[in-house]
Amino acid sequence: MEKIIEPLASGLGNSVGWMAEHGVLFAIFGLAWIAFAAGLVWSQGSLDQAWQSIRDLPLVVQIAVWILFLPVVVGLWVWETTWPLILRLTVVLGIAGWNLLVFLPRASETVAR
């Protein structure tokens, strides 16, 4: 069993690392946050519908979505709370900024120094 798990885990880890280094994850989450912002500006009902769609998924699929898209799903959760508007905006913008900063490709970081 160990012979199966280790190559699979290291291959998956290497591919995630490659995607992070080459900006693929930055682009994916950038597009997700742009879609979030567009929904926020033009159709807040679409954010409600997205949240409800995630909640309607089977539990195992919900867990996978939460793990794969954690910052965006947390942003949706925050937006769906009854907190004051300014607090929700501040938290969502903070999560989005942190998320994009974390996935900023390393090549961009070395040029910025």
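Predicted model: local features only at pLDDT ≥ 70, side-chain atom pairs only at ≥ 80, totals over all residues.
Let's start with the rings. The structure holds 5 aromatic pairs. Take Trp 51 and Trp 66: their ring centres are 6.1 Å apart and their planes meet at 75°, so this pair counts as edge-to-face, the label for planes over 60 degrees apart. Trp 51 belongs to helix H3 (residues 44-56) and Trp 66 to helix H4 (residues 59-68), so the pair ties together parts that are 15 residues apart in sequence. How buried or exposed are these two? Trp 51 has a relative accessible area of 10%, so we call Trp 51 buried, because the cut-off for that word is under 20%. Trp 66 comes out at 26%, so Trp 66 is partly exposed.

Now move along to Trp 77 and Trp 83, which also make an edge-to-face pair, with 5.7 Å from centre to centre and 85° between the planes. Trp 77 is partly exposed at 38% relative accessible area, and Trp 83 is partly exposed too, at 33%.

Look at Trp 79: the charged end of Arg 88 sits over its ring, 4.5 Å from the centre. Elsewhere, ring pairs join Phe 29, Phe 69 and Phe 103 into a cluster.

Phe 29 also leads us to our leucine. Leaving out residues up to four places away in sequence, Leu 100 touches Phe 26, Phe 29, Gly 30 and Trp 33. You'll find Leu 100 in helix H6 (residues 85-102), where Leu 100 is partly exposed, with 23% relative accessible area. Its C-alpha atom is 9.7 Å from that of Pro 71, a residue 29 places away along the chain.

Note on methods: Residues numbered from 1 in each chain as written. Heavy atoms only, no water. Helix = DSSP H or I, 4+ residues; strand = E, 2+ residues; numbered from the N terminus. Buried < 20%, exposed > 50% of the residue type's maximum accessible area, 1.4 Å probe, protein only. Contact = heavy atoms within 4.5 Å. Phe/Tyr/Trp six-rings, centres within 6.5 Å; stacked < 30°, edge-to-face > 60°. Lys NZ or Arg CZ within 6 Å of the ring centre and 35° of its normal.
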